[in-house]
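Thanks for making the time this morning; I would like to walk through one model, taking its helix packing and then a few individual residues. Please have the viewer open while I talk.

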Amino acid sequence: MQSHAEERALLKAIAAGDAKALERLFAHAQTRVFRFIMRIVRNQAVAEELLNEVFLSVWQSAHRYEGRSEPMTWMLSIAHNKTVSALRKKTEVLGIDDEIANNLVATEDTPDVAAQKHDKSAKIRACMLDLSPDHRAILDLVYYQEQSIAEVAEVLDIPENTVKTRMFYARKKLSELLRERGIDRGWP
């Protein structure tokens, strides 16, 4: 994993026209950005297209990166804006591609515990799909992308208090959905 300083250096090189720096940044960040987009649009083809648009924007606007936020926060902000625009343009319901979902399993788990975790994780992801795109984005940024409230506010271009309010309602709604489906919130 690259440090924030290395990411900043890559953005500076990209701003100077270094295509190899873009390739290195893409190799480092593509999975994280793709998963963020995928959790919102729920369609692999759309997510791949948006991922390409995000990195095209990184190439075209790296010179505007001011360093006030971490590079990943800046890229996720671009991804969020592209994704919201795509959702606004879409008139059809986007499909779900479960094959793309993150299926990582802790290596210290027994096969039984790993299967239980995988099953519960799939059920939680299914419940998250029933949330609004705004609520999915908030939960994704906080729990999957590990962004702080301030970073989420920057990515979504909303006040921090709005992030907190949306987090409250997103967690509340997710909890209701889990309870309705008889899913215990404990782990595994």
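This is a predicted model: local features need pLDDT of at least 70, side-chain atom pairs count only at pLDDT 80 or more; totals for chains, interfaces and linings use all residues.

**Helix packing and selected residues**

Residues are numbered from 1 along each chain as its sequence is written, and side-chain values use heavy atoms, with hydrogens and water left out.

The axes of H6 and H8 are 9 Å apart and pack at an angle of about 100°, where axes are lines fitted to C-alpha atoms, for helices over the stretch in contact, and angles run from 0 to 180 degrees between N-to-C directions. That makes H6 roughly perpendicular to H8, given that angles under 35 degrees count as roughly parallel, over 145 as roughly antiparallel, 65 to 115 as roughly perpendicular and the rest as oblique.

Stepping back to the whole chain, the secondary structure comes to eight helices and zero strands, with helices (H or I, at least four residues) and strands (E, at least two) taken as DSSP runs numbered from the N terminus. Of the 188 residues in the chain, 39% are buried, where buried means under 20% relative accessible area, exposed over 50%, and partly exposed in between, with a 1.4 Å probe and protein chains only. The accessible surface comes to about 10800 Å², and 50% of that belongs to carbon and sulfur atoms; the areas come from the Shrake-Rupley method with a 1.4 Å probe, and for residues only the protein chains shown count as cover. Among contacts in the chain with a separation of 6 or more, 68% are accounted for by residues 24 or more positions apart.

Now, how do H2 and H4 cross? The axes of helix H2, residues 19–41, and helix H4, residues 71–89, come within 10 Å and cross at roughly 40°, and the two helices are therefore oblique to each other. The crossing of H2 and H4 is right-handed; a crossing is left-handed if the near helix is turned anticlockwise from the far one by less than a right angle, and right-handed if clockwise. The contact is made by Leu25, Ala29, Arg32, Val33, Phe36, Ile37, Ile40 and Val41 on the H2 side, and by Met72, Met75, Leu76, Ala79, His80, Thr83 and Leu87 on the H4 side. Sorted by class, the contact of H2 with H4 has twelve nonpolar, two polar and one charged residues.

Turning to H4 and H7, their axes come within 8 Å and cross at roughly 40°, which makes H4 oblique to H7. The crossing of H4 and H7 is also right-handed, and the contact is made by Thr73, Leu76, Ser77, His80 and Asn81 of H4 together with Glu151, Glu154, Val155 and Leu156 of H7. The class count for H4 with H7 is three nonpolar, four polar and two charged residues.

Some single residues are also worth a look in the viewer. Glu146 lies in the loop between helix H6 (133–144) and helix H7 (149–156), and its phi is near 55°, a positive value in a residue other than glycine. Asp157, in the loop between H7 and helix H8 (160–180), has a positive phi of about 55° although it is not a glycine.

Finally, His4 sits in helix H1, residues 4–15, and counts as partly exposed at 44% relative accessibility. Leaving aside neighbours within four places in sequence, His4 is in contact with Glu70 and Pro71, and the C-alpha atoms of His4 and Glu70, 66 residues apart along the chain, are separated by 6.6 Å.

Note on methods: Contact means heavy atoms within 4.5 Å. Ala, Val, Leu, Ile, Met, Phe, Trp, Tyr, Cys and Pro count as nonpolar, Asp, Glu, Lys and Arg as charged, and the others, Gly among them, as polar.
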